[in-house]
Amino acid sequence: MSYYITLHDVRKKFGKIEVLKGLSLNVKKGEIIGLFGPSGSGKSTILNLIAGLERPDGGRITLRNTTVASDNVFVSPEERNVSMVFQDLGLWPHMTVEEHLKFVSDDRRLISVVLKQLGLEKKKDRLPEELSGGERQRVSIARALTKPSDILLLDEPFSFLDLKLRERVKKTIKDYKKKNESTVVIVSHSVFDFIDLCDRVAILKDGKISKIEKPRELLLEFQKFYYRKPKR
Amino acid sequence: MESRTIKASLIILIALLLVLPLTYFFLQFIPQRIDYQVLIFLYEFVKFVYNKRILKVFAKTFFLGVSVSLFSLIVGFIPAYFLEFRSFRLKNFIRASLFIPFLIPPYLFVFSWLGFLGKRGLFSQIHFLNLSIDIYNPLALIFFLSLSFFPVSMLFISLGFRNITKKILNPIKIFNEKGFWKITLLLLKPYLLISFFVTLSLFFSEYIVPSYLRINTYQSEIFVQLATFYDVRKASFLTLPLVIFSLIVAILSFKVCKIKTEIPDKKFVPPHLIRREKVFFYSFTVIVLVLSLIIPLSVFLAESKLDVLNPLLETKGIFFTSVLFSTLISFSTTFLSNVILFYLRSSQKFVNFLLFFTLLMPTPVLGVVLTTFFSAIKLNGTVLPLIDGYVIKFLPFSLLFMMPEYGKVTKSLESSIRIFSRGSLISFFKIVLPIVKEGFFFSLITIFILCFGEASLAQLLLPPGLQTISLRMETLLHYGNYQAVASLSLSTVFIPLALYSLYALFKGVKR
Amino acid sequence: MKKRHVLFLSFILGVCLAFLLVTYHKENVVVVYVAHDQDYSEPILKEFEKQTGIKVKALYDTEATKTVGLVNRLLAEKNNPQADVFWNNEVMRSILLKELGILQPYCSPNAKDIPEFYKDPECYWTGFAARARVIIYNTEKIKENPPTSIFDFTDPKWKGKACIANPLLGTTSTHFAALFAALGDEKAKELLVKMKENDVKVVESNSMVRDQVVVGECWFGLTDTDDAYDAIREEKPVSFVFPDQKNEQIGDLIIPNTVMLIKNSPHPENGKKLIDFLLTPEVEEKLAKIALQMPLKNSTSVPQYVPRVSSIKRMNVSYYQIFEKMNVSNQFIQENFLS
């Protein structure tokens, strides 16, 4: 079987700290896979490596059956055609909401639809500094969803959103995935996000993938942890 | 346009503009045969460089330069703080007034003071103003040049203060109000250091003012090698320590400018001045304005006999040439520095290092280098040598101004630009430039003023038949045609001021 | 490449071409580098344009960069000279340019009646319209017995009251080299040391010497005739004398303008025409009236207030002898006088 996104024996160091120690991951076309693990385990790093924003110190990364990063090859992020929601949003301070989307796409109809779906229509002329945290996050998501791409990377996309908004945004993401036949990689701290969206969840530990589970299996483990009897 | 194409074009441009002329020139110093001539060459070099007198002059000049830079920094820092962190009336007017001294070239600034202090008989006829102050000493040099250069420090440090947003201030208020300066100064470090270096570079470019004040400086020594001994080789030897110092400036600047900064906060409303701050700030501003602006402008007005129009009309062609060149150079240099900082950021260390080579290189030496090179390729007599000369002289300054501003282009911003880019040029114009636009305008204006007042490169590189206003003014000054000089000085101040007023009226300068 | 990129690049190329065209425009032209003061030389060059129809492209020097600019430019442009003619306002740099092979000999027919002393024997340069060194003094400060000799600058009664221009530049450097030639190295060095001990002030230029004397900051100083005359014309309280005119004294330095043809220049024929024009009595007359430059040709008629060169006792040294002493003099001044 050929995979749409593969990471094979990928290593990444930041200074003296080795974050990824020979990580391997295969993602099928059209799959939504979650990345779960403690802070500093390398989740965002994996997304950055897939996007081409970081270069691996070893191993190989392929997208769409083409090697995009290895010892001899490196394809820049501009050429990988991925779309991404950043953990710290990465909004452009001088552009309004609408300008963010117009910068990414010329499709006015699509922009209008995305704005409506994410409840940003009335805020389309505002600058990022005039928005709340949740609104800014929605702009970051809207920007990612305006770019037609078959690989979507989401780095904690719901951290500022309330429950209702989360549901709304998740629906929008599912629509996007369906329309573009996208393969999605999502980082989150919430198990429920994985349940709602993901086909599988990869759990990171010690710089590698320790196991890959279905979201429900992960939920059961969580329940076991939370409802265990406290040690005396 | 692919960013790879742009990067390649930039590297070729830098090679053509800078590397080629300098390499060609310095190759001429290498002895053609490896024989005893090499030993003589080395012996001469060592003997010359280790001349006690020269070393003494260098040390003295360096000390003077550091003093000027420090003093400018202090005088510029105080108004910068108040302009960015306090609200008060006529803020924009005060800001503009404090900038005007920079529009007056240093030699004209000193010329006005010499007139004021009775050295030309202007105020000596008013007996009570006949002050017998001896200004022909190093203290006077520090005083005059600091007053001349402080506006650059002031405006540049203001840019740094603007990056201190509520995001930074609010936690300070909560956790430790006394920690304000500790945190602020750290964030201001790139701006402070670069202000210091820019002023130091401006000092080392200045050889007319020290000679007016009868002070022998290192740059005068270089000038003498060309003007008296016509020894380009010795002049180049003497330039080497300055080139080495330029490279040190480059390394330190890069290290310091790695600090990431915030985008200015438009919603920030500074508090009003409290009583004791009012007393201090207003007194300080009045004193500085009197010394750096009122006195020179009064002398110009008096010496011009209020005839500003006629000298301007007589030199209108020359004025126009100067404005055209200065505009072209300020735009191209500022634009080029931004393109370099954005596209060559991964190869910053090497390429930008190279670009600082000419930061402290005296303009007469640079002029000779370029004349020699362009003569060899038969392109002297065109405007190309002058454009090249101005670009490579002022490009390091523009890079220094822009480097801290690029701290606003955080990794997150950069990442999102790369992911959503629809072409690197579009990203550059639509995203990057708007973020650094304050630094961009600052560089534009400052380079324009520096270029407008520059004479020695123009002297060596202008095609025959053209003249610049700075050359004309220097000539008039030395003929003793003080009235024309004073009138033209007023024009060079009031025309940009009028333009700025129009801009401020339409756009409104916030904060 | 998108259409707008092509348009943008074409625009840039067009601007560059326009610039080049402006400067490479072929016309009947002569290029002259002028060290002489622009206010005096420009009208004369305009007159040449009017008479001959040859467009003059001039590059002027500023006194601040005096001779740094033009001479270094001529040296640096050796491979591709732009100038056809160099109109210098003194002699030493003309000799330097000859020695360095920058000049081409041209014996102008209009130079025949110029005394041999004031022209190069091989026709590399020709002198015309001279200045002389003078001692300018403030008549309010010095009412009688003004200084009349270069040695008066060492007289203790005038301690701290005299000024000179930078002795490393311009005509002052020539004057001191002439002293080395006339007095011998040892006596000249002794004179300089005594001047330093007598607190002689060094100012930026000859015109600044004049200005300092006018306001009384200096009581007297060493400058050139044209600078001194400017002050007298404006009725300032100054007067001047030609130094060392008595029989037993060394005489004064006469400094002619010199004009020369540049080797391999782009328009040599037009250059020769300009040289011929500058060596006419009419030009000397003009320079005499506006700048008190003394004619070298006997045929030139001048106002009464303009002295004749023959009326001034000249230093008994040739310009080539002075040139040989330039380096020695300059080295000594740099290391001992100015430090």
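This report walks through parts of chains A, B and C in a predicted model.

**The sheet of chain A**

Chain A holds an open sheet of four strands. The strand order is S2-S1-S4-S5, and the pairing is antiparallel. Strand S2 (17-27) and strand S5 (66-69) of chain A are the edge strands, and each pairs on one side only. On average, neighbouring strands of this sheet are turned by 30° against each other, direction ignored. Strand S4 (residues 58-63) of chain A meets S5(A) through three bridges, in the antiparallel sense. One of the residue pairs is Leu63(A) with Thr66(A), which lies in S5(A).

A helix packs on this sheet: helix H1 (residues 43-51) of chain A. H1 touches strand S1 (5-14), S2 and S4 of chain A. The direction of H1 makes about 115° with that of S1(A).

**Helix H5 of chain A**

Helix H5 (residues 163-180) of chain A has 18 residues. At 1.5 Å a residue it should span 26 Å, and its end C-alpha atoms are 26 Å apart, which agrees.

Which residues of H5(A) are buried? They are Leu165(A), Arg166(A), Val169(A), Lys170(A), Thr172(A), Ile173(A) and Tyr176(A). These residues cover an arc of only 165° around the axis, so they sit on the same side of H5(A). An α-helix has 3.6 residues a turn, so residues three or four places apart point the same way. The face of H5(A) turned away from the buried side carries exposed residues. They are Leu163(A), Lys164(A), Lys171(A), Lys178(A) and Lys179(A).

The buried residues of H5(A) pack against several elements of chain A. These are strand S6 (83-85), helix H3 (108-117), helix H4 (133-146), strand S7 (151-155) and helix H6 (191-197).

Both ends of H5(A) have details to check. Glu181(A) follows H5(A) and has a positive phi, near 50°.

**Helix H4 of chain A**

H4(A) has 14 residues and reaches 20 Å from its first C-alpha to its last. That is close to the 20 Å expected at 1.5 Å a residue. Of the 14 residues, 12 are buried, so H4(A) is largely enclosed by the rest of the structure. Among the buried residues are Arg138(A), Val139(A), Ile141(A), Arg143(A) and Leu145(A).

What do the buried residues of H4(A) pack against? In chain A, the partners are S6, helix H2 (97-104), H3, S7 and H5. Helix H18 (411-420) of chain B is also a partner.

**Chain B**

Chain B has 23 helices and zero strands. Buried residues make up 61% of its 511 residues. Among contacts in chain B with a separation of 6 or more, 85% join residues 24 or more positions apart.

**Strand S10 of chain C**

Strand S10 (residues 254-262) of chain C is mostly covered, with nine of its nine residues buried.

| Strand of chain C | Bridges to S10(C) | Residue pair |
|---|---|---|
| S3 (residues 85-88) | four bridges | Val85(C) with Leu261(C) |
| S4 (residues 103-104) | two bridges | Leu103(C) with Ile262(C) |
| S5 (residues 126-138) | six bridges | Phe128(C) with Asn257(C) |

Strands of a sheet pair through backbone hydrogen bonds, either parallel or antiparallel. For S10(C), the pairing with S5 of chain C is antiparallel.

Definitions and conventions:
Residues are numbered from 1 along each chain as its sequence is written. Chains are lettered from A and ligands numbered from 1 in the order in which they are written. This is a predicted model: local features need pLDDT of at least 70, side-chain atom pairs count only at pLDDT 80 or more; totals for chains, interfaces and linings use all residues. Side-chain values use heavy atoms; hydrogens and water are left out. Two strands pair if DSSP finds at least two bridges between them. Axes are lines fitted to C-alpha atoms, for helices over the stretch in contact, and angles run from 0 to 180 degrees between N-to-C directions. Contact means heavy atoms within 4.5 Å. The expected span of a helix is 1.5 Å times one less than its number of residues. Buried means under 20% relative accessible area, exposed over 50%, partly exposed in between (1.4 Å probe, protein chains only). The arc is that of the directions from the helix axis to the C-beta atoms.
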